[in-house]
Amino acid sequence: MPSFRQAILAFALRLLPLLPDRNAGTPADWLRAHRGVETIARDRAEVFAEGIRAGAPKARQVVDRWHLLCNVSAAF
């Protein structure tokens, strides 16, 4: 299972390095510096949703397969 601090952003069909922390400002700053991101796969942490809304308000946020299956299996 990934560590608590992991988040992966997809840009131009490639994976980017994990973010160093869980602050909303970190993904927001990165996204402002890399305009044009349209879709972002993330976990369900609200802090990342907040950062994405601030840095790329028009980007579509989606759940990745790993987190989806993890959350579904935890519910049963």
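Me: What makes up the largest nonpolar core of this chain?

Reply: In this predicted model, the largest nonpolar core consists of six residues: Leu31, Val37, Ile40, Ile52, Ala56 and Ala59. To belong to such a core, a residue must be buried, must be of a listed nonpolar type, and must be joined to the set through side-chain atoms within 4.5 Å. In soluble globular proteins, nonpolar side chains tend to be buried together.

Me: Which residues does Ala59, a member of that core, contact beyond its neighbours within four places in sequence?

Reply: Ala59 is in contact with Val37, Glu38 and Ile40. Of these, Val37 and Ile40 are listed in the core with Ala59.

Me: Why is Ala28 called buried?

Reply: The limit for a buried residue is a relative accessible area under 20%. Ala28 has 3% relative accessibility, and therefore counts as buried. Ala28 lies in helix α1. Apart from neighbours within four places in sequence, Ala28 is in contact with Gly51, Ala54 and Gly55. Between Ala28 and Ala49 the C-alpha distance is 9.6 Å, with 21 residues separating the two in sequence.

Me: Why is Gln61 described as partly exposed?

Reply: Buried requires under 20% and exposed requires over 50%, with partly exposed in between. The relative accessible area of Gln61 is 28%, so Gln61 is partly exposed. Gln61 lies in strand β4. Its contacts, leaving out residues up to four places away in sequence, are Ile40, Arg42, Ala49, Ile52 and Arg53. Gln61 and Ala49 are twelve residues apart in sequence, and their C-alpha atoms are 7.7 Å apart.

Me: How do you know that the buried residues of α2 line one face of the helix?

Reply: Helix α2 spans residues 46-55, and its buried residues are Phe48, Ala49, Gly51, Ile52 and Gly55. Seen down the axis of α2, these residues fall within an arc of 165°, and they therefore line one face of the helix. The buried residues of α2 pack against α1 (25-33), β3 (39-42) and β4 (60-63).

Me: What makes α1 and α2 roughly parallel?

Reply: The axes of the two helices cross at roughly 30°. Angles under 35 degrees count as roughly parallel, and α1 and α2 are therefore roughly parallel to each other. The axes of α1 and α2 come within 7 Å, and their crossing is right-handed.

Me: Which residues of α1 and α2 meet?

Reply: On the α1 side they are Pro27, Ala28, Leu31 and Arg32. On the α2 side they are Phe48, Gly51, Ile52, Ala54 and Gly55.

Me: How many helices and strands does the chain have, and in which order do the elements run?

Reply: The chain has three helices and four strands. From the N terminus on, the order is β-β-α-β-α-β-α.

Me: What share of the chain is buried, and what share of the contacts joins residues 24 or more positions apart?

Reply: Buried residues make up 33% of the 76 residues in the chain. Among contacts with a separation of 6 or more, 31% are between residues 24 or more positions apart.

Note on methods
Residues are numbered from 1 along each chain as its sequence is written. This is a predicted model: local features need pLDDT of at least 70, side-chain atom pairs count only at pLDDT 80 or more; totals for chains, interfaces and linings use all residues. Side-chain values use heavy atoms; hydrogens and water are left out. Buried means under 20% relative accessible area, exposed over 50%, partly exposed in between (1.4 Å probe, protein chains only). The arc is that of the directions from the helix axis to the C-beta atoms. Contact means heavy atoms within 4.5 Å. Axes are lines fitted to C-alpha atoms, for helices over the stretch in contact, and angles run from 0 to 180 degrees between N-to-C directions. Angles under 35 degrees count as roughly parallel, over 145 as roughly antiparallel, 65 to 115 as roughly perpendicular and the rest as oblique. A crossing is left-handed if the near helix is turned anticlockwise from the far one by less than a right angle, and right-handed if clockwise.
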